[in-house]
Amino acid sequence: MAQLTYREAVAAGIAQEMERDESVVFLGEDVADAGGVFKATVGLLERFGPKRVRNTPISEQAIIGAAMGAAMTGLRPIAEIMFSDFLAVCWDMIANEIAKARYMSGGQISLPLVIRTANGAGSRFGAQHSQSVENWAMSIPGLKVVAPSNSADVKGLLAAAVRDPDPVIVFEHKALYASKGEVPEGELVDRLGTAKVLRQGNDVTLVALAAMVPRALEAAEQLDREDKISATVVDVRSLVPLDTKTLLAETSKTGRLYTIEENPRLCGWGAELASIVAQECFYELDGPIVRITTPHVPLPAADALEDNTIPTVERIVETVRRTSG
Amino acid sequence: MTTRSTIASEAARPTEDIDERTRLSLYRLLLEIRSVEKRAYDLFLQNLVKGTSHLSLGQEAVAAGFAAAMRSDDYTFCTYRGHAHTLARGAPMVGVLGELLGRQCGLMQGKGGSMHLTSVAHGAMGSYAIVGAHLPVANGAAWSAQYRGTDQVSVCFFGDGTTNIGAFHEALNLAAVWKLPVLFVCENNLYMEYTPIGTVTAVQHPAADRAQAYGLKPINIDGNDADAVYRVAREWIGHARAGRGPALIEAKTYRTSGHSRADPAKYRPPGELEEWLARDPLALYRSRLIGLGFEEGTLRSIEGAVQRAVDEATEAAKASPPAPPALIEKDVWADGGSAWRN
C-alpha cells in the first residue's frame with residue numbers, strides 16, 4: 001500500500017492507463033506544462049509527451065468535441081473540464097451529442113471517452129466554481145457518472161472509466177484533492193456501478209457521495225459515541241449505473257435511510273434513490289426517508305456562509321438524532 | 001450576380017484536369033441526390049414520412065463535388081440538412097429512404113430520423129441537428145487521424161447561419177492551432193433559416209471573411225458548379241492530407257425549397273428563386289457535359305439508371321417493416337442495452 005493524495009491518485013490513474021494503451025490521450029486547459037490548476041495531472045506531460053498530453057485554449061466545446069470525434073475514430077480520450085460548473089458551457093456537446101450518438105446512430109458510433117471535472121464546494125470560490133452538478137449528468141440517458149470519495153477509488157474508477165466502452169463523467173471533488181489515502185500497489189482497476197459499504201450498523205443507513213462520505217463516517221462515529229445510534233455508511237460512488245442492490249439491501253437491514261447530498265435540494269441523486277427505496281422496499285422501512293442536502297440556493301462565497309450551506313457533520317448528527325427515534 | 005462571371009470563366013478553362021469518369025460520376029451523384037430528395041418530398045406529401053426534413057434541392061453540387069474528391073476512408077460531418085452528404089458518400093438509398101420512413105431497413109433503424117443520418121461504414125460520421133456542434137467533433141476525427149498517422153481528412157459541412165455561433169469559432173481556432181487535417185465547408189445558401197444572412201452577420205461573406213481571424217486563406221467558390229467545387233475540394237483535401245493544416249471554404253449556393261418541410265419560403269424577394277433556378281446545378285452540369293462532347297445517350301442512360309434505382313429503393317423501403325418497439329431500449333450502451341441499475 002502507498003499513501004497517495006487524491007490528486008496524486010488521479011495522475012496515477014491516468015498514467016496507468018496511458019502506459020497500458022497508446023490510444024489513450026489527454027486534453028484540457030492548463031493540463032500539460034502546468035499540471036492542472038488543481039495539480040492533479042503533474043508529471044504526465046514529462047512522461048508521455050506533448051502528442052498525448054495536450055493543452056487546449058479556453059474552449060470547452062472544442063475540448064469536448066475533440067474528445068468525441070477522437071473517440072468515434074479509434075482513440076480513448078480523457079478530457080478535463082477544469083470546474084464542473086463549466087460543463088454548462090459545453091453541455092450541448094455532452095447532453096445532446098455524446099450521450100445520444102450511439103442511440104441515434106443505431107449502435108454505429110461508439111464513444112469510449114472520459115470527462116474528468118472538479119466538482120463541489122469548500123474552497124470559498126462562490127456560486128460559479130463550487131457547485132455539485134452530478135445530477136445534471138445523471139438525468140441524461142447515455143452518460144455514466146461516478147464521483148469517488150478517496151484516493152484508491154479515484155484511481156480505480158478513473159481506470160475503469162477509461163476502459164469502459166461508453167462515455168463516463170468522473171466528478172472529482174476539489175475539497176478532497178489534498179486528502180490522503182491508501183492505494184494498493186500495482187495496477188488498479190475498479191468496477192463502475194458498485195457502491196461500497198464502509199461501515200456496518202444496526203439502526204440507520206447513511207448513504208453519501210464524494211466529499212459527503214468522510215462527513216457521514218465522522219457523523220456515524222459521533223452518533224455511536226454520544227447516542228448509541230449504530231449507523232451503516234454506504235458510499236454510492238457510481239450514480240450511473242446505480243448499485244441499487246447494495247443500496248436496497250443496506251436500507252432494508254436498518255429500516256432507516258438518510259441521503260447525504262452536497263447538491264441543492266431539488267432533483268438531487270438522493271431524490272431518485274428515495275423514490276426507488278419507497279417503491280421497492282417500503283415495507284422494510286421503519287420511518288420516513290430523510291434527505292440531508294444543501295438548501296435550494298446558489299452557493300455563497302464567504303467561509304461562514306459556505307460552511308453552513310453544505311451538509312456538516314453537526315447537521316447530519318443532529319438530523320439523525322432528531323428523526324431516528 | 002457575381003457568380004455569372006465565374007461560370008463564364010469556368011467554361012473557358014482547360015477541362016482536361018477532370019477526367020471523363022469523374023465527370024460522369026459527378027453527374028450521377030447530382031442526379032442521385034436530386035432524385036432521392038424529390039422522392040422524399042413526394043413521400044412527405046403522401047404523409048408517409050413524418051416529422052421534419054431539410055432538403056438540399058439546389059445545393060447538390062457542394063455535396064457531389066466534395067464527395068468525388070474524398071477518399072473512402074475520409075470522414076464527413078454534416079448538419080440536419082444532411083441527406084445529400086450522406087448519399088454522396090455512398091450510403092444506400094434504401095437506407096436513407098427507410099430511415100425517413102421510420103422503417104427497420106433505415107440506416108439507423110429509425111432511431112435517428114431525417115436530421116441524424118449516419119453511415120459510419122461510408123465515412124458519414126453523422127448529421128448533427130444542433131447548429132455548430134459538429135465542427136468541434138470534426139476536429140476530433142481529424143486529430144485522431146493526425147495522431148494515428150493515417151492521413152485521413154475530415155470534411156465538415158455547415159450552413160451560413162453556423163458562422164455566428166460560438167462552436168464555429170472555437171473549432172476554427174483549435175483546428176488552426178493544432179494544424180488539423182480538416183476542411184470546414186460553409187454552404188452559404190443566403191438564408192439563416194428564414195432570415196437573410198446578410199441582415200444578421202457583420203461581414204459580407206459569413207465564412208470566408210472570418211478566415212483571416214484564424215490565419216487561414218479566404219476561399220469563395222461557386223457552390224452551384226460541381227466542377228468548381230470538385231477542383232477546390234481536390235486542392236484543399238490534398239493540402240490537409242499533406243499535413244498542411246485546415247481550410248475554410250465558402251460555397252455560395254441556394255436552396256430552391258424552403259428551410260424545412262414547414263417553410264413555404266415567402267420571404268424571398270421576387271425574382272430571386274427564378275434567377276437561381278436558371279443556374280440549377282444539375283441543368284448547368286448537364287449542359288456542360290453536352291458542351292464537352294458527352295453523348296446525349298450516355299447521359300440518358302445514367303438518368304434512367306438513377307431513376308430505376310430510386311424507384312426500387314422506394315419500394316424496398318416501403319416494404320420494410322416499421323421499426324420494432326424492441327429497439328426503444330436498445331443501444332444506449334455498448335452492451336446493446338439501456339440498463340442504468342442492477
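In this predicted model, 58% of the 325 residues of chain A count as buried. Chain A is built from 12 helices and 14 strands, and its radius of gyration of 19 Å is close to the 20 Å that the globule rule gives for 325 residues, so chain A is as compact as a globular protein of that length. Its C-alpha trace spans about 60 × 40 × 40 Å along the principal axes. Among the contacts in chain A with a separation of 6 or more, 79% come from residues 24 or more positions apart.

Strand β11 of chain A, residues 231-235, shows this burial at the level of one element: 5 of its 5 residues are buried, so the strand is largely enclosed by the rest of the structure. In a regular strand the side chains alternate between the two faces of the sheet. Accordingly, Ala231(A), Val233(A) and Asp235(A) point one way from β11(A), while Thr232(A) and Val234(A) point the other way.

Two strands pair with β11(A). Strand β10 of chain A, residues 204-208, pairs with β11(A) in the parallel sense over 5 bridges, and here Ala208(A) stands opposite Asp235(A). Together with helix α8 of chain A, residues 212-227, the strands β10(A) and β11(A) make a right-handed β-α-β unit.

Turning to the partner chain, the contact takes 42 residues from chain A and 39 residues from chain B. On the side of chain B that touches chain A, α6(B) gives the most, with 11 residues, and the residues of that side divide into 23 nonpolar, 11 polar and 5 charged.

How values were computed
Residues are numbered from 1 along each chain as its sequence is written. Chains are lettered from A and ligands numbered from 1 in the order in which they are written. This is a predicted model: local features need pLDDT of at least 70, side-chain atom pairs count only at pLDDT 80 or more; totals for chains, interfaces and linings use all residues. Helices (H or I, at least four residues) and strands (E, at least two) are DSSP runs, numbered from the N terminus. The radius of gyration is taken over C-alpha atoms; the globule rule is 2.2 Å times the number of residues to the power 0.38. A residue is buried if 20 or more other C-beta atoms lie within 10 Å of its own, exposed if 12 or fewer, and partly exposed in between; C-beta atoms are placed from the backbone. Two residues are in contact if their C-beta atoms, placed from the backbone, lie within 7 Å. Ala, Val, Leu, Ile, Met, Phe, Trp, Tyr, Cys and Pro count as nonpolar, Asp, Glu, Lys and Arg as charged, and the others, Gly among them, as polar. Two strands pair if DSSP finds at least two bridges between them. A crossover is right-handed if, with the strands pointing away from the viewer, the path from the first strand over the helix to the second runs clockwise.
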